[in-house]
Amino acid sequence: MHSRLGKVLSLALVAALVAGVGGAALVGCAKKQPTSLVIGTVEEIESADVQQVNWDNFVHMMINDPLITMGPKMDKVMPSAASSVEIAPDGSSLTLKFPAEMKFADGTPITADTVKASIERYIATSPYGSDWDPMSELVVVDPHTLQIKLKEPAAYFLYAISTCYSGIVDAAKAQSMGKEAFGRAPVTYGPWVVKEWQQGSQITLVRNDNFIDNKPFVKNKGPVAIETAVVRFIPDTFTLVQELLKGNVDIVVDVPTEQLAQVQADPNITLETYIEPGTHYMYLNTHRPPFDDLRVRQAVALAINRDELKSALDNAIIPVYGTLGPAQICFSQATEDAIKAKLGFNQAKAKQLLAEAGYTDTNGDGIVEKNGKPLSVTLAVGSDRPMDKKAAPIIQQQLKAIGIDVAVNEYEYSYVRQLTRDLNFDMAIRNVKWPDPDIWYSILDSSQTDGKIWSDPRTDKLLEESRTAMDLSVRTEKFSQVADIIAEEVPFVSLYSQTEYVAIRKNVTGVILGVDGTLYFNDATKK
Amino acid sequence: MRALVLSLREALKVRTFAVGSAILATVVIAAVLAPVLAPHTYQEMNIPQALTGPSRQYPFGTDNYGRCVFSRVIYGSRIALEVGFIVVVIETLIGVALGLIAGYYGGAVDRVVSFVTDMTWALPPQVLALAIVTALGPSLNNVVIAIAVVSWAQFARIIRSKTQALKNTPYVEAARALSESDLSIMLRYILPNTMGAVIVLTTLALPSAILSTTALSFLGLGAQPPQPDWGVILKDGISYMARAPWISIFPGLAIVWTVLGFNLLGEGLRDVLDPRLKV
Amino acid sequence: MFEYAVRKLAFGVLVVFAVTVILFAVMQLMPGDPIRLIANPRMTPEKMEQLRHQWGLDQPVYVQYFFWLARFLHGDFGTSIVTGQPVSFLIATRLPYTLALAGLALLLEYALAVPLGLIAAVKQNSALDRGIVFVSTILWSVPTFWLGILLMLLLAVKIPVFPISGYSGPLSIVLPALTLTLPALAGTLRLTRSEVLEAVREPYVLTAYAKGLPSRAVLIRHVLRNALIPVTMMFFLSLPWLLGGSVVVESIFSWPGMGRLLWKSIGVQDLPVVQGIVVIIAVLTVISNVAGDIVAGLLDPRIRLEIEGGER
């Protein structure tokens, strides 16, 4: 008996020990890292191969040098991986030249054919192959020159190929390695390449010693100074900030505003800001009551006090009244001011509009009713969108002030998006984050998925016209007209653009921050 | 019934029970008298006064919207108790009913019930609850459903084994001989003898339900704004720990206080009613 | 006994499959599908439909389940819809971390709770006894994520003993494991304590004293041996709970385990991943439960009789 219990106890102890120690042994000892740049981010990459992902991540920015760049000020087209960019005067083609000595990190030379194969793989593999729809033909003029022929001029195309999605990959290796292996350790062209991806934990990148960059605004056009970079995936923002303050993480993009003061107060950290190139807006379901009534929609728009929102949200937002945000291309201050004059905060007018629509408070409970039914709606907001999440209760209160009862429901943002696409919502806060306003084509055009939430033949026409306009002022005018129509019909209420905070520890210098949040590491060093 | 009252009197002599009751009394009072005790409503915002520390106007300080943390904690006791009670009532009803049926009838019925019970037991409760609430949508109602579904198994198991032991006792056999209906036998003879265990299990299931709700709140699946659920206030308060520690400390303490009360109550009851009960 | 074990395990296999069916069904309650859920607005509707078709998401639900089941029975866990990586790879790289965490937490729990429970019983009703029970009860009452954050602040930030998060060496596992262990101490501690107290009152203990055995020998050879029977049973039954608790703990400490992946995958309905992880966890749970039952039978002759004697 005694021995039996003893045996079982020992067995149990051994089992736990094996699980514990064995597990720890399996995962390996700590690797001593050379002084490397450590970046902390909340989301883990889906795949290291940018041509397979649904969402790009910081990591992709570091291992994929785009073909061209719009630069830190997003003002003009400049060479990046390509050594020169020429746009035909009639906008019908784009000619890219590449340096003769361009190579992948493993020494494989990169020619125009390599680039062409990479683009073709992108079109075939990526969920966003449609980025290249405007292209009619890829012509290899000579081993180092690629001509991109376009079906018609497309200004938005330029932006699409200036992101990490246009990074050159070794399509031949992709084919031989297979999609899965390539997704773990792709052969890419960029300042760093993937060395090792510890699932759920971090990804280690090593310098590409064959890297040549042609961006005119960086001093160092060769391999970067920092040999190793590690991107750590830390899902909890509180923990992320703690690691930053401790010095275990050098850079954090998207510092949570709650802990901003702590980070700001730290003498070893520099805090930079940029305005998010996009907007957050509140969709109103025009397909069913109460928001099928324009007056009710207008009332909601007029009830939102964005200044109050701003002070409640730590001044980390910039109120937006029109459709485009101040950091987006084609933003027009004049249009923004005009719409603000029309749809700015006006509580009295909001109440009046509700009354005109037949809603009055008959029983003194603060909520208006019509035909005996109180005006109660739901507001869907993303629990993983911290700013929207914080704004929702305030919006709830502001609408209550004009008599609308709002129930806030928090879901994962992807689910909120799904609800709007299913037309299963009353109000929902969504956002766009893309510097080129052509993203609004994807949202408003009746041919697109989100177009069924709301579209209008007038905006369809304007958006399609803007796609082929190469002149910035013409495009700006078109988008202003779109904004005017939105302000007229109020299918959604624009709320704000976020101010984003990037924290960089002071021992890392030379990082250039672009207006769209892109970090350029060419000149960066770490002590 | 009389035996129960006598037991309760005995119980009060046991220190854990007494302390537990005292603690819970405070929580119940807070819940019942919330409108009287709370200086503000739980949703009124005072943005200029956001993130201020405890003061006479705001005994527990304010959160990032300028809402009174003290008022929110007081009103939160209603949510905690309500959710706890509803979950446990559902769990108990299902678990006891299934346990009785499985234990009494045995055979195929027992095997079916055991299979269903084992299924909810085959995944860790947190994981299954997570899946259910995610699928049904985040709301306190769905949290209640999810927790009840994953937790009835322990009731069923224990009541089943007790029923099995009791069904062969003389008075049950006598009742059967007298052609008393099965339902009547279960309710008149077996159930009262399991009451001790049921009460202890129920009392100890409450703190578990509250903590499960809190864990689900951390994952964003729980009360929706502006409901002052303690778990939600605590979770949101953690990001402000450096600037405004009062936002997280007080709801956290409220949770510990309440759960502790139920634990002590349950332990005290167990000592009196059914000391051999293993939960 | 052997027959019993085999029967229980076979039953367990059935239960695991039933669980996969139920989870599959539960996930279908969520509207949309992974493609629609994660698609950027830039994705054209045509592309969306193409991808949905590629993944078989336009098939009826039961067809999708049977395809999954068929592949699974051949040992193929399928491919993650979101990452394009094999599910077996995603799980294999994370499972050791979750097991290590739960295993260590379990070990710590018993290594602390059993001796403490013993001490509390031996010194019954003393200040030490009451203190031990009280502290463990308070620890049991603290929400897991708060405890984790507090431990992190105290032992990793304020007093930098342990790493804050992630895996960077054996020290990294301590705080996450403690977060799981401390609340669980109370249950095991109380159980040990009450079992020892009961065992001490048994007649054979008195006999042992009467025989002139030294007190310590009595304690260890007779009291502990019997008292620890239910405790040992609980050992096996505790693992599932610790596995479940890992979702929250892994999130706070960026511990690269399966819990975090499961949470994310449920949210975007990446069904192959969810099913794969659920199967693994269910198998572990069923094994733990069956092991607990078998151990109970091995150790406690009363239970063994019941098992082997069959039901009347």
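How many bridges join strand E8 (residues 192–198) of chain A to strand E9 (residues 202–207) of chain A? The first view below takes that up; keep in mind that everything here comes from a predicted model.

View 1. Six bridges join E8(A) to E9(A), and the two strands run antiparallel. Among the residues facing each other here, A:Val193 sits opposite A:Val206 in E9(A). The pair makes a hairpin with three residues between the strands, and in that turn A:Gly200 takes a positive phi of about 75°. Follow E9(A) across to its other partner, strand E10 (residues 228–233) of chain A: this pairing is antiparallel too, over five bridges. Here A:Ile203 stands opposite A:Val231 in E10(A).

View 2. Look along strand E5 (residues 93–97) of chain A and you'll see the side chains alternate. Strand E4 (residues 84–87) of chain A pairs with E5(A) in the antiparallel sense, over four bridges, with A:Glu86 having A:Thr95 as its bridge partner. E4(A) and E5(A) also form a hairpin, this one with five residues between the strands; A:Gly91 in the turn has a positive phi of about 70°. E5(A) is joined as well to strand E7 (residues 145–150) of chain A, by five antiparallel bridges. In that pairing A:Lys97 stands opposite A:Thr145.

View 3. In chain A, a cis bond joins A:Pro289 and A:Pro290, with omega about -5°. A:Pro290 lies in the loop between strand E13 (278–284) and helix H9 (294–303) of chain A. Over in chain B, the bond from B:Pro225 to B:Pro226 is cis, and its omega is near 0°. The loop holding B:Pro226 runs between helix H9 (182–218) and helix H10 (230–238) of chain B.

View 4. Most residues other than glycine have a negative phi. You'll find A:Asn315 in the loop between helix H10 (306–312) and strand E14 (317–319) of chain A. A:Asn315 counts as exposed because it has 11 other C-beta atoms within 10 Å, and the cut-off for exposed is 12 or fewer. A:Asn371 also has a positive phi, of about 50°, and sits in the loop between strand E15 (369–370) and strand E16 (373–374) of chain A. With 6 C-beta neighbours inside 10 Å, A:Asn371 is exposed as well.

**View 5. Helix H1 of chain C and what covers it.** Helix H1 (residues 2–28) of chain C is 27 residues long. From its first C-alpha to its last it reaches 39 Å, close to the 39 Å expected at 1.5 Å a residue. Its buried residues are C:Val15, C:Val16, C:Val19, C:Thr20, C:Leu23 and C:Met27. An α-helix has 3.6 residues a turn, so residues three or four places apart point the same way. The cover over the buried residues of H1(C) includes helix H5 (107–121) and helix H6 (125–136) of chain B, together with H12 of chain C.

**View 6. Where chain C touches chain A.** Chain C puts 60 residues into this contact and chain A puts in 56 residues. On the chain C side, the elements giving two or more residues include helix H3 (45–54), helix H5 (87–122) and helix H10 (215–252) of chain C. H5(C) gives the most, with eleven residues. By class, this side of chain C has 36 nonpolar, 17 polar and seven charged residues.

View 7. Chain C has 13 helices and zero strands, and its C-alpha trace spans about 85 × 60 × 30 Å along the principal axes. Of the 312 residues in chain C, 54% are buried. The mean pLDDT of chain C is 87, and 95% of its residues reach 70 or more. Among the elements of chain C, H7(C) has the highest mean pLDDT, 95, and helix H13 (residues 301–309) of chain C the lowest, 65. Where pLDDT is low, the predicted coordinates should not be read in detail. The model as a whole scores ipTM 0.89 and pTM 0.89.

Note on methods: Residues are numbered from 1 along each chain as its sequence is written. Chains are lettered from A and ligands numbered from 1 in the order in which they are written. This is a predicted model: local features need pLDDT of at least 70, side-chain atom pairs count only at pLDDT 80 or more; totals for chains, interfaces and linings use all residues. Two residues are in contact if their C-beta atoms, placed from the backbone, lie within 7 Å. Ala, Val, Leu, Ile, Met, Phe, Trp, Tyr, Cys and Pro count as nonpolar, Asp, Glu, Lys and Arg as charged, and the others, Gly among them, as polar. pLDDT is the predictor's confidence in each residue, from 0 to 100. The expected span of a helix is 1.5 Å times one less than its number of residues. A residue is buried if 20 or more other C-beta atoms lie within 10 Å of its own, exposed if 12 or fewer, and partly exposed in between; C-beta atoms are placed from the backbone. Two strands pair if DSSP finds at least two bridges between them.
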